[in-house]
Amino acid sequence: MAILFSACLAMMLLISTSQAFEPTKPVEMIVHSAPGGGSDLFGRAMIEMLQKEGLYTRPMQVVNKSGGSGAVAMSYLAGKKGEPHTIGLFTSAVIVASLTQKEAQHTIMDLTPVAHLVLEPSVAAVRADAPYKSMRDFVEAAKKSPGQLKQAGGVVTSVDNMFRLLIQKATGAQWSYINLPSGSERVANLLGGHMDLMLENPDKVAEYVRAGKMRIIAALTEKRLVAFPDVPTIKEQGIDIPILTQSRGVIAPPGIAADAVSYWENLFGRLTKTERWKKYVQENQQETYFLNHKELANFLQEQTKLLRVVLSEAGVKVVR
Amino acid sequence: MEAVQNLLFGFSIALQPVNLFWCFAGVFLGTMVGVLPGIGPAGTVAILLPLTLNMRPTTALIMLLGIYYGAKYGGSTTSILLNIPGESSSVATCLDGYQMARKGRAGPALGISAIASFIAGTFGVAALMLAAPPLAQFALRFAPPEYFALMFLGMSMVAYLTGDSLLKGLLSAAVGVWLGIIGTDLFSAQSRYTFGRPELLDGLDFIVVSIGLFSIAEIMLNLESSKRPELFPVPKGLKNLLPNRQDLKDCRFAFVNGSLVGFFIGMLPGAGATIASFISYGIEKAFSRHPEKFGTGVIEGVAAPEGANNSDAGGALVPLLTLGIPGSNVGAILLAALFQWGLRPGPLLIQEHPELFWGVVASMYVGNLMLLVLNLPLVPLFAQLLRVPYYMLYPVIVGISIVGVYSVNQSMFDVWVMGIFGLIGYFMRKFDFPVAPLALGMVLGTPLERALRQSLIMSQGSPTIFFNRSISLALLLLSMLVIAMPIVQARRRAPSGVTVPPRSDLS
Amino acid sequence: MPKRFHTLFDGDLAGAACLLALGGFILFKALDLAYTSDVGPGPGFLPFWLGAVIAGLSLLLIFTAARKRPRAVQSRVKIRSLVSWLAIMIGIGLLPALGFYVSFAILTAFFVFAMENRPVAVALAVAAASGLGFYLIFSLALGVPMPAGPWGF
């Protein structure tokens with residue numbers, strides 16, 4: 001009887017603890033970039049904000065699992081099945097990679113979506129002394145000499161290339177796309193006058209605009225950017241294309257309990273409402289776009305559907 | 001005289017006690033991080049970044065930069081003593097540094113690397129101070145065709161890195177290029193030679209392969225017989241533990257070469273310290289009067305790459321501080337740090353925050369001096385490490401290699417790769433295939449292919465793009481000269497070579 | 001018979017044979033990749049030529065090696081070296097299961113005891129001392145992450 005009673009008590013305790021998950025161990029935040037990469041910096045900044053705001057004061061550290069645009073990090077997270085003390089960050093590049101890499105044993109679709117946090121818009125930038133005042137000007141110039149103008153961009157699956165293909169399809173213009181692995185090289189080639197156009201996050205070009213070295217000719221967004229209210233959006237310029245954005249958010253290993261998912265979802269939800277967060281997002285010219293666990297799952301579904309189409313049109317082999 | 005005024009202004013900032021203290025903390029930590037393989041400056045700077053948020057930006061930047069260039073001083077230590085490259089930019093140092101240690105000249109090797117680092121590091125800062133904006137404009141003239149020509153020049157150094165057989169050297173380099181291209185192709189997003197492994201999507205890590213090829217293979221060679229002669233004779237007396245006057249004289253050209261090559265390549269965001277160290281090693285050998293002795297422990301072979309990888313730090317700051325363009329991982333972190341401190345890194349940074357630029361420049365003079373003072377006394381200390389009997393030392397070398405490789409990406413896969421390359425390195429040594437061309441091929445292969453394809457997209461398929469641009473043409477002509485030189489030298493030497501026996505090192 | 005043994009370890013010939021196989025493999029795999037793209041060389045361009053060059057040069061090496069065969073340099077591959085390599089690989093294999101410290105201690109003890117013929121006590125002492133040194137420097141002072149075993153280290 002006593003045994004039965006204590007067993008019942010233990011079960012009740014189990015249930016009650018499982019209703020409110022609280023981390024009891026140091027938490028690992030898995031990022032898929034090396035120190036200094038985008039996700040790495042984003043992760044470290046978030047941990048700092050969480051601690052400064054007093055939202056999360058126990059140990060939480062960034063763990064770099066770089067490799068294969070997230071393939072290694074996704075595998076690592078998948079291997080932590082059921083472990084609520086491990087979370088990870090994802091970006092749009094990870095979603096794209098899940099569709100194009102046949103080597104990846106695990107992709108983001110195998111993991112537990114937690115929360116979508118921010119969207120990073122893109123802008124089209126040219127050198128300040130270039131003759132193009134708008135994206136329309138650039139498109140017209142490209143039409144006059146097909147293939148002569150050059151865009152400095154990233155890997156073929158990056159959002160820059162997708163935008164190029166969409167704009168080319170919508171307008172019939174043609175220009176070339178030169179893949180440069182780092183943002184540094186893209187900026188250097190544009191400033192050096194070797195290339196004519198670059199699509200970047202606004203925070204990466206803002207300083208060059210302020211210094212009079214670059215000009216933004218279009219915002220690739222639905223609405224005008226707060227930081228550049230005079231720059232018309234691409235749609236305002238009569239080029240009607242679907243708007244792609246770069247996402248950032250949080251995921252967790254597969255098979256973790258519902259209360260742990262809602263714990264992390266709530267924690268990051270609360271973070272996005274703080275002043276410190278708002279200031280950070282504004283400084284980095286990002287836009288808060290919070291989606292919870294369920295909404296993020298739908299979002300990922302829709303994104304992959306859209307990306308499959310766009311990627312195939314770009315000539316990239318889709319394997320999933 | 002504006003520069004002098006500015007520099008005095010800079011020193012008035014750098015010599016404030018708080019800045020001096022953090023500068024020392026930075027270079028000290030950097031030295032430690034550099035000495036131990038695997039944990040690199042990028043990771044350390046990233047970890048320490050949150051701690052600096054309450055400091056003044058100039059102070060924080062002085063410290064973080066101290067870690068960056070301090071690590072370059074330390075990187076040569078394990079390369080020379082144990083044949084474990086501490087950072088990928090110290091792989092070239094293994095080639096002659098470790099051989100010097102085996103001849104009982106570990107002390108002079110460590111000493112010269114500190115001295116070369118000091119000279120080249122100081123040169124880098126001086127160039128940064130005097131001419132950063134025009135130099136940055138020059139660096140901007142480098143587009144893919146110029147990179148192609150530069151990498152081609154680097155590749156032509158293979159001619160100098162082969163041992164007795166040119167054929168084997170070329171084969172080794174070709175395999176290196178192949179190892180370099182493993183991974184995802186930037187242009188098509190297709191994976192190449194990944195054997196279905198997701199870990200290979202980003203390619204093989206150069207430092208992981210190098211530690212296998214150099215340190216594991218070396219252990220296997222040393223273990224061939226249980227009765228070994230003493231591996232590392234360590235001479236007694238402090239005098240033999242530091243470079244002597246002759247050593248310094250031998251390194252005169254290496255100091256200049258390392259300083260210039262390192263700084264120049266450091267300025268280019270698409271190249272880096274590893275490439276710089278190999279190219280300066282190649283140049284050193286090409287212009288040497290005894291090229292055949294390279295790889296057997298000549299002191300210039302240590303001074304040139306070590307100098308290059310330090311003056312690279314000054315070069316890398318040119319685009320970072322004048323244009324906000326980072327050239328490396330560390331640069332990217334520092335850029336983010338500047339943002340967090342509320343500064344706006346970009347073309348206006350120097351103008352709007354002169355105290356930051358001049359304070360940092362002045363602190364680098366101070367930091368380099370501190371590093372020299374810190375590192376030279378460490379030389380005799382480190383050299384004593386080789387007094388440890390080899391049977392105790394080599395398990396430790398295996399341990400350090402494993403920890404070093406594992407900590408790069410915290411990946412077991414990398415540790416296996418290191419092990420496999422240990423075996424490959426052993427057979428290469430046994431079959432007399434030179435390892436240096438393989439390393440060079442692996443470092444330069446991918447940038448070379450990339451630049452070729454980028455250039456041809458730019459020119460819509462026409463190869464004339466390489467010849468009607470002046471910098472690219474000049475570099476290509478230089479590579480032709482580099483390739484032709486051994487042939488010319490061999491011709492010139494042939495008649496006299498019969499009568500004159502090989503010169504000895506002592507002459 | 002002994003002659004065959006020697007040719008097997010003729011460094012040029014053995015190396016060239018391996019490289020010929022590698023070159024063939026690279027070439028064969030390069031055929032799956034596009035040689036050209038609509039904008040210049042494709043992903044298969046360099047691999048194709050690399051494979052061809054490696055295969056061609058190793059054939060050349062085989063011919064030159066065969067020509068100077070009588071005075072070919074004999075490379076002796078030593079069993080001891082291969083055993084030490086195997087030990088390292090087994091040590092690496094134990095890492096995920098036993099963690100760094102235990103596997104490293106086993107590996108060190110094996111080296112000192114079996115490869116160097118030192119007494120067991122010396123082997124254990126070296127293993128313990130170097131393990132402690134690693135702990136102090138890498139784990140305690142620097143906090144470098146190590147592969148951990150079930151017991152947390």
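Start with helix 3 of chain A, residues 71-79. Helix 3 lies across strand 1 (27-31), strand 3 (86-91) and strand 10 of chain A. Helix 3 runs at about 150° to strand 1 of chain A. Angles go from 0 to 180 degrees between N-to-C directions, with axes fitted to C-alpha atoms, for helices over the stretch in contact. Contact means C-beta atoms, placed from the backbone, within 7 Å. Helices (H or I, at least four residues) and strands (E, at least two) are DSSP runs, numbered from the N terminus.

This is a predicted model: local features need pLDDT of at least 70, side-chain atom pairs need 80 or more, and totals for chains, interfaces and linings use all residues. Residues count from 1 along each chain as its sequence is written, while chains are lettered from A and ligands numbered from 1 in the order written.

Helix 9 of chain A, residues 258-271, also packs on the sheet. Helix 9 touches strands 3, 4, 10 and 11 of chain A. Its direction makes about 20° with that of strand 4 of chain A.

Now the sheet. What is the strand order in chain A? The order is 2-1-3-10-4-11, six strands in an open sheet with mixed pairing. Strands pair if DSSP finds at least two bridges between them. Strand 2 (60-64) and strand 11 (287-291) of chain A are the edges, each pairing on one side only. Neighbouring strands are turned by 25° on average, direction ignored.

Look at one pair. Strand 4 (112-120) and strand 10 (246-252) of chain A are antiparallel over seven bridges. There, P113(A) stands opposite I251(A).

Last, A124(A). Leaving aside neighbours within four places in sequence, its contacts include M135(A), L197(A) and I216(A).

Definitions and conventions
Contact = placed C-beta atoms within 7 Å.
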